[in-house]
Amino acid sequence: MDTMTASSLLPCTDPGMRRRRLLALGALAPLAALLPGCALLKQISVDVATFGAWPAGRRPGRYAFDRLPSQQADAAAQQQLEQAAAQALAQAGFGPAASTAQADVLVQLDGRRSRVLSPFADPWPGPVAPLRRVPPPPDRRIHGSVGIGVGTGFGAGFGWQEVYERQQLLMLLVDRASRERLLEIRIEHEARYSGPEYLPLLFGAGLQGFPDLPAGARRVTVQLP
């Protein structure tokens, strides 16, 4: 082993070099902490609320979509919802009926997509900054950041009102013969992006665990394809 290689393996006794090495390791630590977070990019969180209960011992059976009169006007949008819901219904064990008269269950769907202000947006933007002593509005959450460093320098920051996308879906399962409302499932996804290609995943989250759906609100984690 040559002298240069051997000396590189010896403990560092130079205080200046030890300090530089510690600073270098400290700079890499935040990057290492972000690595597990990469897995979060492959999944989304969906808020689901279930009302009612599927009758014990009843099989899923055949279904048909039941459109409201107001939904007939925009047939393309409603068909997009129905195609997405059909995938989730098939995974839950339902099958399409040849006609409404032959269906065991009628499925009513509704959905809307909107853009909303991020809950982490600055609750006191612009000229009202001096009022920051008062509590923020109830629909906002206070956020901040902390920085730690060694040395001297200059820094500046700024913020903006970030807009999120929200998709809200409703699925109602009705017994065709008695018209009894069996299950009402409300689904909501809010993120920086929530596009129409997420619809099958959102309906799937709503029916996850069928027929044993927990009553009330819950959060479901969905893996992205």
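User: What does buried mean here, and which residues of α3 are buried?

Analyst: Buried means under 20% relative accessible area. The model is predicted. By that cut-off, the buried residues of α3 are Gln 78, Leu 81, Glu 82, Ala 84, Ala 85, Ala 88 and Leu 89.

User: What covers the buried residues of α3?

Analyst: The cover includes strands and a helix. Among them are β2 (62–65), β4, β5 and α4.

User: How far apart are the end C-alpha atoms of α3, against the span its residues should give?

Analyst: α3 has 17 residues. At 1.5 Å a residue, α3 should span 24 Å. The computed distance agrees: the end C-alpha atoms are 24 Å apart.

User: Is helix α4 largely enclosed or largely open, and which of its residues are buried?

Analyst: Helix α4 covers residues 199–206, eight in number. Six of them are buried, so α4 is largely enclosed by the rest of the structure. The buried residues are Leu 199, Leu 202, Phe 203, Gly 204, Ala 205 and Gly 206.

User: Is Tyr 63 buried or exposed?

Analyst: Tyr 63 forms an edge-to-face aromatic pair with Phe 65, 5.3 Å centre to centre and 70° between the planes. The relative accessible area of Tyr 63 is 7%. The cut-off for buried is under 20%, so Tyr 63 is buried.

User: Which class does Phe 65 fall in?

Analyst: Phe 65 has 24% relative accessibility. Buried needs under 20% and exposed over 50%. Phe 65 therefore counts as partly exposed.

User: Which residues do ring pairs link into a cluster?

Analyst: The structure holds five aromatic pairs. Ring pairs build a cluster from Trp 54, Phe 94 and Phe 210.

Methods:
Residues are numbered from 1 along each chain as its sequence is written. This is a predicted model: local features need pLDDT of at least 70, side-chain atom pairs count only at pLDDT 80 or more; totals for chains, interfaces and linings use all residues. Side-chain values use heavy atoms; hydrogens and water are left out. Buried means under 20% relative accessible area, exposed over 50%, partly exposed in between (1.4 Å probe, protein chains only). Helices (H or I, at least four residues) and strands (E, at least two) are DSSP runs, numbered from the N terminus. The expected span of a helix is 1.5 Å times one less than its number of residues. Contact means heavy atoms within 4.5 Å. Rings of Phe, Tyr and Trp (its six-membered ring) pair if their centres lie within 6.5 Å; planes under 30 degrees apart count as stacked, over 60 as edge-to-face and the rest as tilted.
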